[in-house]
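Trainee: I am new to this structure. Can we talk through its salt bridges?

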Amino acid sequence: MKNTLLNQQLIKFIQQSPTPFHAALEIRNTLLDAGFVALAESDPWKLEAGGRYLVVRNDSSIVAFTLAATAPADTGFRMVGAHTDSPCLHVKPQPQNLNQGYQQLGVEVYGGALLNPWFDRDLSIAGRISYRNTAQQLGNTLIDFTDPVAIIPSLAIHLDRDANKLRSINPQQHLPVILMQQQDDDIDFDFNVLLLDHARQQHPDLDIEAVLDFELSLYDCQPPALVGLKQDFIASARLDNLLSCFIGLRALLDSADARSKLLVCNDHEEVGSASACGADGPFLKSVLQRICPEPEALARCIHQSWLISADNAHGIHPNYADKHDTNHGPLLNKGPVIKTNANQRYASNSETAGLFRHLCQQSGVPLQSFVVRSDMACGSTIGPLTASTIGVRTLDIGVPTFAMHSIRELAGTRDTGYMHRALKEFFDWQA
Ligand SMILES: [Zn+2]
């Protein structure tokens with residue numbers, strides 16, 4: 001196993017980021033520690049050459065950028081994009097349900113989650129609440145129960161003899177989580193009161209009077225782990241796509257500031273990206289417009305920029321090898337994967353892929369290729385959406401993984417280092 005420090009940092013980042021809100025906050029705090037200045041979208045901006053800035057939208061998407069001595073219109077940005085969200089179970093607005101004496105919460109599936117692995121896990125709850133304080137002011141803050149407060153037990157095989165062949169999951173019926181068994185003194189149990197108590201306990205300084213609304217999701221309490229006889233793998237929730245957020249962040253901070261650089265981490269990729277803070281929305285474009293207010297300067301900046309969209313790829317699984325095209329089966333720990341699709345489900349083209357191949361060759365990073373089988377549908381990511389929204393040259397890459405969209409995914413411990421080296425080379429690249 002290589003890259004011990006980087007992998008330990010990644011594990012810590014994922015643990016501290018159970019939701020996109022927490023991920024954006026972690027990224028923000030790391031950037032602030034590195035001297036970045038936080039800009040509010042509602043304030044006037046005064047940007048300076050040599051400056052390092054960050055902007056957060058919806059508490060869940062973040063853009064960080066550095067301005068080199070040369071004007072962005074003259075040299076453009078080296079941009080890396082990733083997404084802060086992962087498929088999961090969201091708590092419904094009025095979730096409480098008493099069933100057979102068990103207090104349960106109704107959940108809504110967020111994104112294309114693989115549902116089977118959510119059973120028999122020690123689950124906790126985290127996310128954002130919107131509140132009113134005792135001075136009648138409104139605000140948002142993050143909460144995290146941290147303890148395993150919920151579980152979805154499987155139905156025993158004795159009650160479903162065909163479970164291994166035929167079991168399917170009805171999300172409405174089979175996914176409500178169990179919070180507790182109702183006792184006599186729990187008769188007045190109210191989820192909203194629980195939230196209020198928890199929010200006050202976690203944030204005594206905010207003087208919270210009422211929780212007005214919430215966006216909460218369930219997550220697995222099991223911490224990420226290095227696994228395999230030789231620790232070849234990282235097993236963790238949310239590797240898609242917190243791995244790319246973290247490696248992109250590290251590469252941004254570890255590279256020189258000779259060129260203008262930008263990192264964008266968007267929420268809502270797993271549900272199509274069409275939102276105020278998603279990659280199919282106006283967030284990044286608005287930031288670029290404020291950096292280059294003159295239309296011609298903006299156009300020149302965009303046309304000299306490059307975007308690498310980093311999102312995990314499917315490694316070829318030894319037990320399901322026929323799911324890949326024979327010549328395009330990326331292996332874990334053999335380097336980042338260039339993702340290509342003739343129908344533009346990925347934004348890579350020969351120009352952007354050519355640049356990345358060149359940079360990887362220069363820095364000794366092995367590289368792999370993925371194209372989906374011709375008889376299967378292809379996934380997509382923020383690359384094509386950002387490319388079509390902004391008009392920037394884009395490349396889609398990612399580290400190969402197994403079990404994408406499971407509650408516990410698997411990546412290679414060497415690939416994090418390869419990805420970091422490749423993205424750092426990109427940020428440092430002097431055209
Ligand atoms: Zn993803």
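Mentor: Start with the term. A salt bridge is a side-chain nitrogen of Lys or Arg within 4 Å of a carboxyl oxygen of Asp or Glu. This is a predicted model, where local features need pLDDT of at least 70, side-chain atom pairs count only at pLDDT 80 or more, and totals for chains, interfaces and linings use all residues. Residues are numbered from 1 along each chain as its sequence is written, and side-chain values use heavy atoms, leaving out hydrogens and water.

Trainee: How many salt bridges does the structure hold?

Mentor: Side chains of opposite charge can pair when their charged atoms come close. Counted by that 4 Å limit, the salt bridges number 15.

Trainee: How many residues apart in sequence are the parts that R52 and D257 tie together?

Mentor: R52 and D257 form a salt bridge, with their closest N and O atoms 3.2 Å apart. R52 sits in strand β2 (residues 52-57), and D257 in the loop between α7 (239-254) and β13 (261-266), so the tied parts are separated by 205 residues. Helices (H or I, at least four residues) and strands (E, at least two) are DSSP runs, numbered from the N terminus.

Trainee: Is R128 buried or exposed?

Mentor: R128 meets D59 in a salt bridge, 2.9 Å from N to O. Buried means under 20% relative accessible area, exposed over 50%, partly exposed in between (1.4 Å probe, protein chains only). D59, at 31%, is partly exposed. R128 has 10%, so R128 is buried.

Trainee: Is D375 buried or exposed?

Mentor: D375 pairs with R373 at 2.8 Å, N to O. R373, at 27%, is partly exposed. D375 has 56%, so D375 is exposed.
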